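Subject: Structure handover and findings

Dear colleague,

I am passing on the structure below, together with an account of what was found in it. Please have the sequence and the model open beside this message as you read.

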Amino acid sequence: ASGGSFEQRGGEESDVVAALEGDVAVRGPEGVELRSDKLTFDTATRRLASPGAARIVADGMTADLTTMSYDPDARRVDAAGPLAVALAGDEAWRIDAASSTYDLKGDVLKFDAPFRAARATEVAAGASAVFRSPRNAARLAATIEGPALAAGVWRGEARWQLAAARMEAAG
């Protein structure tokens with residue numbers, strides 16, 4: 001970080017918001033790194049937040065987020081707006097969703113509202129979804145609640161499309 005500030009809120013001395021600015025990086029004990037141009041930590045809520053673009057880098061996964069907050073006690077990242085997620089060096093999925101939650105403890109990425117994910121010639125969409133083991137492309141599994149849709153091009157030739165009330169997929 002290249003700069004920072006402290007702001008006392010409320011009547012308690014311990015109620016402080018610390019802000020760091022300028023290529024800020026925070027690393028967790030399990031090797032997960034949060035990067036942003038500005039991160040704030042609120043001592044009252046015990047949350048780390050990025051009001052603008054942020055990046056999560058973890059073994060096998062990179063996620064670019066529109067905004068995010070991190071709860072270190074629950075080890076959970078809550079994001080708002082579109083995001084891009086790349087797994088194990090694979091091409092990034094561009095995901096349009098109002099919000100998402102990444103549970104670091106359980107290695108689970110959740111979309112509790114409609115989402116659309118696309119990359120190259122593949123697309124998946126649904127009313128909600130749970131992706132298990134997103135940091136390990138070989139163990140990645142997904143449950144998409146419907147209406148659910150998946151479509152793509154197989155081997156550059158055949159187009160395929162699936163629609164169902166519920167889809168289960170595994171890497």
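The lining of the largest cavity divides into 10 nonpolar residues, two polar residues and no charged ones, where Ala, Val, Leu, Ile, Met, Phe, Trp, Tyr, Cys and Pro count as nonpolar, Asp, Glu, Lys and Arg as charged, and the others, Gly among them, as polar. Before going further, please note that this is a predicted model, in which local features need pLDDT of at least 70 and side-chain atom pairs count only at pLDDT 80 or more, while totals for chains, interfaces and linings use all residues. Residues are numbered from 1 along each chain as its sequence is written, and side-chain values use heavy atoms, with hydrogens and water left out.

The cavity

A search of the whole structure finds one cavity of 30 Å³ or more, and the largest cavity has a volume of about 80 Å³. On a 1 Å grid over the protein atoms alone, a cavity is a set of points where a 1.4 Å probe fits but cannot get out, a pocket is an open set with protein on both sides within 12 Å along at least five of seven lines, and lining residues have an atom within 4 Å of a point. Grid points are joined across faces, edges and corners, and a volume is the space filled by probe spheres set on the points. The residues that line the largest cavity include I56, L65, V77, S100, T101 and Y102. Strands β6 (61-71), β7 and β9 (99-103) each supply at least two residues of this lining, and β7 gives the most, with four residues.

The chain and its core

The secondary structure comes to zero helices and 15 strands; helices (H or I, at least four residues) and strands (E, at least two) are DSSP runs, numbered from the N terminus. The C-alpha atoms fill a box of roughly 60 × 30 × 25 Å, taken along the principal axes. Buried residues make up 37% of the 171 residues in the chain, where buried means under 20% relative accessible area, exposed over 50%, and partly exposed in between (1.4 Å probe, protein chains only).

The largest nonpolar core has 35 residues, and those with the most contacts inside it are L65, M68, V77, I95, F111, F115 and F131; such a core is a set of buried Ala, Val, Leu, Ile, Met, Phe, Trp, Tyr and Cys residues joined through side-chain atoms within 4.5 Å. Leaving aside residues up to four places away in sequence, V77 touches I56, L65, M68, S69, Y70, S100, T101, Y102 and L104, a contact being heavy atoms within 4.5 Å.

The pocket

The largest pocket has a volume of about 650 Å³ and is lined by 29 residues, of which W93, F131, L140, A142 and A169 lie nearest its centre. By class, its lining has 23 nonpolar, two polar and four charged residues. The largest share, six residues, comes from β14.

Strand β14 and its partners

Two strands pair if DSSP finds at least two bridges between them. Strand β14 (residues 141-154) runs antiparallel to β12 (residues 122-126), with three bridges joining them, and A125 stands opposite L149 in β14. Strand β13 (residues 128-132) also pairs with β14 in the antiparallel sense, over five bridges, and the bridge partner of A129 in β14 is I144. A further 12 bridges join β14 to the antiparallel strand β15 (residues 158-170), where G152 stands opposite W160. β14 and β15 form a hairpin with three residues between them.

Backbone points to check

Most residues other than glycine have a negative phi, and most peptide bonds are trans. The peptide bond from G146 to P147 is cis, with omega near 10°, and P147 lies in strand β14. A120, in the loop between β11 and β12, has a positive phi near 40°, and A120 is exposed, with a relative accessible area of 66%. R155, found in the loop between β14 and β15, has a positive phi of about 55° although it is not a glycine; R155 is exposed as well, with a relative accessible area of 68%.

With kind regards
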